[in-house]
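Student: Hi! I'm new to this one, could you walk me through it?

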Amino acid sequence: MKRYDVIKKIVQSLDDEIIICNLGAPSRELYNIKDRNENFYMLGSMGLVSSISFGVAISKPNKRVICIDGDGSLLMNLGSLCTIANNHPQNLTVITIDNSSYGSTGDQKTYTSNKTNLEVIAKGAGFESIIVIKKVEDIIPRLKNLGVGCHFVLIKVDPGNAQVENVPLLPEELKERFMKVISRE
Ligand SMILES: [Mg+2]
């Protein structure tokens, strides 16, 4: 299973949730699978997608927020997991698609290819709901059954990026449309 297949299933499992997506290849893949006003594509600030998702979740408690993170990104901001777990917003799901590599910079291996285990780290950070999904056919049913809560979902995949086009939106356009969506009650 590749990240592209996972993102496709995530999108199919959603209704009107906000998605905040890790920068680079994951955002390009999400854009090409299904662009929607509820999608926010990170265009910089590697590592901060979980922090930004957390901020949106606590400031908009009536919206459901899905964070799509990657292993390389999460590894450079592990403290964010502690912040999220201790504040446990009931409307946030952090999905980490772990391909054991820095996919957007040439597939250099990350430490999850060796000894590091993000499921154990999430547990240690204090997450009470941790879901590990191993089969592509399990993604939709598992995500649909999550319900309210603060969830950490780990999906291990093979390295590799889909050959898709860049996100053509200007940062300003992206910001404006996203602000509109989150300011709607
Ligand atoms: Mg990765």
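Tutor: Happy to! Let's begin with a term: a nonpolar core is a set of buried Ala, Val, Leu, Ile, Met, Phe, Trp, Tyr and Cys residues joined through side-chain atoms within 4.5 Å. Buried means under 20% relative accessible area, exposed over 50%, and partly exposed in between (1.4 Å probe, protein chains only). This is a predicted model, where local features need pLDDT of at least 70, side-chain atom pairs count only at pLDDT 80 or more, and totals for chains, interfaces and linings use all residues. Residues are numbered from 1 along each chain as its sequence is written, and side-chain values use heavy atoms, with hydrogens and water left out.

Student: Okay, which residues touch the most other members of the largest nonpolar core?

Tutor: Ile 10, Ile 20 and Phe 152 do, in a core of 52 residues. Strand β8 (residues 149–156) gives the most to this core, five residues; strands (E, at least two residues) and helices (H or I, at least four) are DSSP runs numbered from the N terminus.

Student: And what does Ile 20 touch?

Tutor: Beyond residues up to four places away in sequence, its partners include Phe 40, Met 42, Val 65 and Phe 178. Contact here means heavy atoms within 4.5 Å.

Student: Switching topic: is Glu 29 buried or exposed?

Tutor: Glu 29 is buried, at a relative accessible area of 0%. Its place is in helix α2 (residues 25–33). A polar atom of the Glu 29 side chain lies 3.4 Å from the backbone nitrogen of Tyr 4.

Student: How many salt bridges does the structure hold?

Tutor: Six, where a salt bridge is a side-chain nitrogen of Lys or Arg within 4 Å of a carboxyl oxygen of Asp or Glu. One of them joins Asp 35 and Arg 177, with the closest N and O atoms 2.7 Å apart.

Student: What about Asp 98 and Lys 156?

Tutor: Their side chains meet in a salt bridge too, at 3.1 Å from N to O. Asp 98 is buried at 1% relative accessible area, and Lys 156 is partly exposed at 40%.

Definitions and conventions
A polar contact is a pair of N or O atoms within 3.5 Å; within protein, one must be able to donate a hydrogen and the other to accept it, and residues adjacent in sequence count only if both atoms are side-chain atoms.
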